[in-house]
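Reader: Please take me through one part of this structure in detail. I would like the contacts at the DNA first, and then whatever else can be said about the protein chains.

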Protein chains: 2
Amino acid sequence: MPRPRSLTHDQIAAAALAVIDRDGPAGLSMRAVGSELRMSTMALYRYVRDREQLEGLVVAGVLASAELATPPEAPWTERLTLLVERVRAAVAAHPSVVPLLLLHRHDSAASLAWGEAMLGVLTEAGFSGVQRVVAFRALLSYLIGALQVEHLGPLSGTGTVAIAGLPSADYPHLAATARDARSVPPEQEFGQGLAILLRGLECGPQPR
Amino acid sequence: MPRPRSLTHDQIAAAALAVIDRDGPAGLSMRAVGSELRMSTMALYRYVRDREQLEGLVVAGVLASAELATPPEAPWTERLTLLVERVRAAVAAHPSVVPLLLLHRHDSAASLAWGEAMLGVLTEAGFSGVQRVVAFRALLSYLIGALQVEHLGPLSGTGTVAIAGLPSADYPHLAATARDARSVPPEQEFGQGLAILLRGLECGPQPR
DNA sequence: GTCGTAGGCGTACGCCATACACCTACAAGG
DNA sequence: CCTTGTAGGTGTATGGCGTACGCCTACGAC
């Protein structure tokens with residue numbers, strides 16, 4: 001009956017994402033999002049319980065951009081690769097959102113749906129019971145960890161350069177590896193790591 | 001010549017860790033650590049540049065408790081498992097430190113030394129060049145991600161319970177898997193996931 | 001036109017990190 | 001033993017944050 005709402009959750013999430021993309025994760029504040037929407041800070045609270053819920057909206061928005069359908073005739077390893085790579089791509093488009101993703105990866109419908117899709121493929125591949133639990137958590141851990149390692153590294157890649165310059169006397173392997181790492185693009189590194197994990201799932205004592 | 005220092009970095013790290021263990025990650029503040037040390041807030045700044053450096057000290061302290069020596073005659077997979085499990089154990093003793101670990105895993109001598117130890121084993125196992133880079137990053141990503149998934153989950157495990165209660169109609173696989181997951185202790189889940197990854201390193205097209 | 005609901009906003013409070021200026025405890029040099 | 005300069009410890013102040021609360025008012029229903 002009274003005045004209609006003038007904002008949607010989607011608009012709010014988009015505004016917050018814009019702030020984060022522009023000013024980095026530390027730039028996100030209720031004040032900043034408010035003025036991004038040309039509203040007062042407190043107006044936001046008509047739409048959002050608190051800052052935490054707003055962060056959840058941002059994460060949900062990013063995850064929702066990942067397609068969940070996979071070709072049913074493709075091998076299960078390939079289908080899982082698709083699902084994982086799509087999340088990686090969605091996040092790579094907004095690197096500054098990684099710290100929020102770590103805290104809110106659980107509490108959105110988009111993330112539940114992604115998990116459901118992953119488990120669907122694993123189930124069709126023959127995984128069940130504890131093996132399915134372990135396989136899913138291993139893939140999830142790798143994905144989460146890789147995002148974190150890639151985007152929250154020591155200034156996202158410049159750290160590798162710094163490590164490459166370490167005194168070879170103190171850290172010979174580390175310095176050498178960091179030098180090698182400079183020639184490996186992040187996508188390739190991510191993909192190959194994922195391939196290793198999937199190979200372990202394929203050829204383990206509990207195959208199928 | 002003037003007055004001697006009355007605090008060491010170790011004492012400060014221990015105090016901050018005590019605060020975190022008692023009040024959780026959000027309880028960490030310069031004020032809290034100051035009063036834990038029976039000093040004023042600002043006294044801390046004589047020993048520490050800013051809050052970020054203090055966080056680094058805490059992480060360094062936790063990581064330093066992980067032993068780095070491994071039996072040279074053991075298989076390389078077992079030696080890597082030891083190194084990874086020790087970090088997991090060190091962190092599991094102070095779960096609230098996980099968010100800080102994610103941000104500061106790079107900037108302490110302890111973490112560099114751990115990386116060096118891991119790479120030493122990988123090198124002895126025959127890995128080199130890009131393969132060594134990929135293997136190391138895969139293991140690191142899994143470790144980081146698993147810590148995050150385990151300790152920053154939806155309230156650390158209670159979330160699994162919540163998911164298990166989801167409407168099976170909407171998320172059938174997710175609900176079933178969450179039910180299965182309740183019977184798997186976290187250490188076993190972590191260990192089996194790591195085993196999968198190591199198996200992938202062993203039996204891949206680029207073994208040795 | 002009237003009215004009640006709920007949108008939008010201003011103010012204020014308590015927390016945080018931290019810059020700065022001050023006092024003072026103490027080791028070194030006499 | 002006394003002086004002195006350095007650096008330790010502290011109090012105060014600033015500017016940011018999230019958000020509780022209360023006010024005004026635009027608006028749909030009647």
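Author: What follows starts at the DNA and then moves to the protein chains.

This is a predicted model, in which local features need pLDDT of at least 70 and side-chain atom pairs count only at pLDDT 80 or more, while totals for chains, interfaces and linings use all residues. Residues are numbered from 1 along each chain as its sequence is written, chains are lettered from A and ligands numbered from 1 in the order in which they are written, and side-chain values use heavy atoms, with hydrogens and water left out.

Around DNA strand D there are 22 residues, a residue being near when one of its heavy atoms lies within 4 Å of the strand. M1(A), R51(A), P2(B), S6(B) and R46(B) come nearest. Of the atoms of DNA strand D that come within 4 Å of the protein, 52% belong to sugar and phosphate. By type, the nearby residues are 11 nonpolar, 4 polar and 7 charged; here Ala, Val, Leu, Ile, Met, Phe, Trp, Tyr, Cys and Pro count as nonpolar, Asp, Glu, Lys and Arg as charged, and the others, Gly among them, as polar.

R31(A) places a polar side-chain atom 2.8 Å from a base nitrogen of DNA strand D.

Helices (H or I, at least four residues) and strands (E, at least two) are DSSP runs, numbered from the N terminus.

H104(A) sits in helix α5 (residues 98-104) of chain A. Its side chain and that of E55(A) are joined by a polar contact of 2.7 Å. The C-alpha atoms of H104(A) and Q53(A) are 9.2 Å apart, although 51 residues separate the two along the chain.

Finally, a disulfide (cysteine sulfur atoms within 2.5 Å) joins C203(A) to C203(B), with S to S at 2.2 Å. The pair crosses between chains, from helix α10 (residues 186-203) of chain A to helix α10 (residues 186-203) of chain B.

Key
Polar contact = N/O pair within 3.5 Å; in protein donor to acceptor, adjacent residues only side chain to side chain.
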